[in-house]
Amino acid sequence: RLCGQLLSCAQSDITLRDQQKNALLFCQDNWFDYDVFVIEAPTAVGKSHISTVLAEWLRRNNMGGSVVTTPTVMLQEQYLGDFPHIPMLKGADRYDCSNFGGSCGNHKRVTGECCKAEDGEPCSYLAARAAAQSSQVAILNPHSLYFSKFWKENLIIDEAHNCEEFFLGMCGASFWQFQAGYPKNLKKIGKFGIGGGSQRIKPGSVLPWLKEYAGDLNNELQQAKTLHSTTNDMSKEMAALEHLMERVSFIAEVIGENPDDILVTEKKEIFHTQNKEEQDKYRDYLHSKQNILHIKPLRVKNLTHNLWPEEIIGQNGESKPGPQKLVLLSATITEQDVETLNLADKKVAYFKCDNPIPEERRRIGYVPRVSMTRKNIVDGDALEKCWEFCQQIANKRPDEKGVIHATYRTAAYFKDMCDSDRFMFHTNHNKAEIYEEFMKTKKPRLGLTT
């Protein structure tokens, strides 16, 4: 057994805090006895240093490579700034193609592959991918990890409370009827939302259309690739088309396997878009109420088969074991989260870091309003009651800015119910932009943040 080495793996210019040391020593002392380590580390503990020091310790002791991943772009950029020596693989769209202009993602969508760079610079995306793949420690965004099957022996997830939302986001989407052409005769099974503004739809009745729609999108994408052979032509449209096709296919698969875990609703909403091409294409529908179909998963437990794959396929087609150890770091992770992620049957070790912020500076008033169980959300009015409470808070403070914290899933439901532009919503992709807009505005806006 190994001992006494882990704390020496920190960067020479970093002084570890007591909370970080205690969490790392807990992992060291129990590493061979558990499969999953759940580290509850409050804000300001410094989870990123726990992740990277642990990964370096594993590397030095020949205990396998480690992937550090986080679902948020903001935290990925923080890792890049704090640990520039660790190879990071981002999405292909976040790399500039040095040979053809635009992004590496656009070039790959149009041509079917990254640039060969026989007469130019090496592809920046492929270079980053090769560096991350060959390194024993790498930082990846979750899409690169889960869709590219870029696994190593140890998986460390920062902000792990977002895992559920990441998987739920993979399985949800919204479709305008005039745009996607979904059937008008979908089977309705009841009202949903405040005042019954939405109709609940039987998930199984959507499945045939989704499969047909995925096929149509694939045909359209192949035709576009044939007609447009340069990287700049149709690149944005093809990116959206490819993303939509993958999303529709995945949702169809999920509904087919777990129809009871999906909430499908239809309502009328005002259609608006800031995209000039879409404004021209859909000018007859702008600023008017149109039918829209929302598909949202209710729970993630049956969708996490890729979170802990027992077997993976290597780059050369060989079969090998999946990650052997999983480390979950978050300020708000609980045993219930572990059960939700389908990990309760593993050997799980829990450690709670002391809060570095003095208690007098984190005063919180706890006022329970409603039980947010799955049954209350699906069959009851839990979401409506929560949203009504948010509106009450807003109405009591009409001239103040403020923040309401909610999960991505709950915020998505609230957005469907919201008819006021005072509330600001963000996704895991545009969080930084919405946060900056919120900080700059002098209007009494309310941010729904996660």
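Visitor: What makes helix H14 a helix that lies across E15, E16 and E17?

Guide: In this predicted model, helix H14 (residues 382-396) lies across E15, E16 and E17. Contact here means heavy atoms within 4.5 Å. The direction of H14 is about 130 degrees to E16. Helix H16 (residues 431-440) also lies across E15, E16 and E17, at about 155 degrees to E16.

Visitor: In what order do the three strands of that open sheet stand?

Guide: The order is E15-E17-E16, and the pairing is parallel. Neighbouring strands are turned by 25 degrees against each other on average, direction ignored.

Visitor: Why are strand E15 and strand E16 said to stand at the edges?

Guide: Strand E15 (402-405) and strand E16 (423-425) each have a single partner strand, so one side of each is left without a neighbour in the sheet.

Visitor: How do you know that E15 and strand E17 pair?

Guide: The cut-off is at least two bridges. E15 and E17 (residues 446-449) have four bridges, in the parallel sense, so the pair qualifies.

Visitor: Why is the pair of Phe175 and Trp209 called edge-to-face?

Guide: Planes over 60 degrees apart count as edge-to-face. The planes of Phe175 and Trp209 stand at 85 degrees, with ring centres 5.3 Å apart, so the pair is edge-to-face. Phe175 lies in strand E6 and Trp209 in helix H9, so the pair ties together parts that are 34 residues apart in sequence.

Visitor: What makes the pair of Trp209 and Tyr213 stacked?

Guide: For stacking, the planes must be under 30 degrees apart. Trp209 and Tyr213 have planes at 15 degrees and centres 5.0 Å apart, so this pair is stacked. Both residues lie in helix H9, four residues apart, about one turn of the helix.

Visitor: Are Phe175 and Trp209 buried or exposed?

Guide: Buried means under 20% relative accessible area. Phe175 is at 3% and counts as buried. Trp209 is at 7% and is buried. Tyr213 is buried as well.

Visitor: How do you know that Glu56 forms a salt bridge with Arg60?

Guide: The limit between nitrogen and oxygen is 4 Å. For Glu56 and Arg60 the closest N and O atoms are 2.8 Å apart, so the pair is a salt bridge. Glu56 and Arg60 both lie in helix H2, four residues apart. Glu56, with 16%, is buried, whereas Arg60, at 44%, counts as partly exposed.

Visitor: What makes Glu266 and Lys188 a salt bridge?

Guide: Their closest N and O atoms are 3.9 Å apart, and the limit is 4 Å, so the pair counts. Glu266 lies in strand E9 and Lys188 in strand E7, so the pair ties together parts that are 78 residues apart in sequence. Glu266 is buried at 12%, and Lys188 is partly exposed at 41%.

Visitor: How do you know that Lys401 lies over the face of Phe438?

Guide: The charge must be within 6 Å of the ring centre and within 35 degrees of the ring normal. Lys401 lies over the face of Phe438 at 4.5 Å from the ring centre. Lys90 lies over the face of Tyr95, at 5.2 Å from the ring centre.

Conventions:
Residues numbered from 1 in each chain as written. Predicted model: local features only at pLDDT ≥ 70, side-chain atom pairs only at ≥ 80, totals over all residues. Heavy atoms only, no water. Phe/Tyr/Trp six-rings, centres within 6.5 Å; stacked < 30°, edge-to-face > 60°. Helix = DSSP H or I, 4+ residues; strand = E, 2+ residues; numbered from the N terminus. Buried < 20%, exposed > 50% of the residue type's maximum accessible area, 1.4 Å probe, protein only. Salt bridge = Lys/Arg side-chain N within 4 Å of Asp/Glu carboxyl O. Axes fitted to C-alpha atoms, helices over the stretch in contact; angles between N-to-C directions.
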